[in-house]
Amino acid sequence: MIWLSPASGTEECNIYFEIRDIDLQHHGDITSGVVRGLLGDGLCELVGEVFLGTEESAQILPVWDESGAIESFPAVVDESLLLQQMVAEVKILLPKLDNIGNYHRSPDWHNPDTVGSCRADNLAA
């Protein structure tokens, strides 16, 4: 789990990124692929992806609640800073994992009953 502080660079808001799936390929000196996981603040839990390779980026996947509204973090969260922190922290974490090519994916990622408050019928297609 990675702790992020995306509230305009302050520590007043903490969001965690719990990695659930790592899918990387090694091509010479370049590692590319995607790292997926849950982003949460204790009240709201969303799905995030970090893309690595020649072009690095991150995104938060939309999740709809029962009323049809898209769930989101509080306004104090700077989403662009959050996305930057996700990329930076994943890049720091990955070299620390032993045998990254043999990383075992969590079976929970594929089982919507065990993914916390993110129900599969609420995820974007």
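Four salt bridges are present in this structure, which is a predicted model. In one of them, E18 is joined to R20, with 2.9 Å between the closest N and O atoms. E18 has a relative accessibility of 25% and so counts as partly exposed. R20 is buried, because its relative accessible area is 8%, under the 20% limit that defines a buried residue.

R36 and E49 form another salt bridge, and here the closest N and O atoms lie 3.0 Å apart. This pair links distant parts of the chain, with R36 in strand 3 and E49 in strand 4, 13 residues apart. R36 is partly exposed at a relative accessible area of 21%, whereas E49, at 9% relative accessibility, counts as buried. Both residues also belong to a network of salt bridges that links D21, R36 and E49.

A further salt bridge brings together the side chains of K91 and E56, at 3.1 Å from N to O. The two residues are 35 apart in the chain: K91 is in helix 1, and E56 is in the loop between strand 4 and strand 5. Both ends of this pair count as partly exposed, K91 at 40% relative accessibility and E56 at 39%.

How many strands does the open sheet have, and in what order? The open sheet has five strands in the order 1-2-3-4-5, and the pairing is antiparallel. Its edges are strand 1 (2-4) and strand 5 (57-61), each of which pairs on one side only. On average, neighbouring strands of the sheet are turned by 30 degrees against each other, direction ignored. In general, the strands of a sheet pair through backbone hydrogen bonds, in either a parallel or an antiparallel sense.

The pairings can be followed from strand 1 onwards. Strand 1 and strand 2 (residues 15-27) run antiparallel and are joined by three bridges. I2 has F17 in strand 2 as its bridge partner. Strand 2 then pairs with strand 3 in the antiparallel sense over 11 bridges, and in this pairing Q25 stands opposite S32 of strand 3. The two strands form a hairpin with two residues between them, and G28 in the turn has a positive phi of about 65 degrees.

Strand 3 is also paired with strand 4, again antiparallel, over eight bridges. V35 stands opposite V50 of strand 4 in this pairing. The hairpin of strand 3 and strand 4 has four residues between the strands, and in it G42 takes a positive phi near 100 degrees. Of the 11 residues of strand 3, eight are buried, so this strand is largely enclosed by the rest of the structure.

What lies across the strands of the sheet? Helix 1 (residues 79-93) lies across strand 1, strand 2, strand 3 (30-40), strand 4 (45-52) and strand 5, and runs at about 120 degrees to strand 5. The helix has 15 residues and reaches 21 Å from its first C-alpha to its last, close to the 21 Å expected at 1.5 Å a residue. Which residues of helix 1 are buried? They are L81, L82, L83, Q85, M86, V87 and V90. The cover over the buried residues of helix 1 includes strand 1, strand 2, strand 3, strand 4 and strand 5.

Leaving aside residues up to four places away in sequence, V35 touches F17, I19, D21, I22, G48, E49, V50, L52, V90 and L94.

How values were computed:
Residues numbered from 1 in each chain as written. Predicted model: local features only at pLDDT ≥ 70, side-chain atom pairs only at ≥ 80, totals over all residues. Heavy atoms only, no water. Pairing = 2+ DSSP bridges. Axes fitted to C-alpha atoms, helices over the stretch in contact; angles between N-to-C directions. Contact = heavy atoms within 4.5 Å. Expected span 1.5 Å × (residues − 1). Buried < 20%, exposed > 50% of the residue type's maximum accessible area, 1.4 Å probe, protein only.
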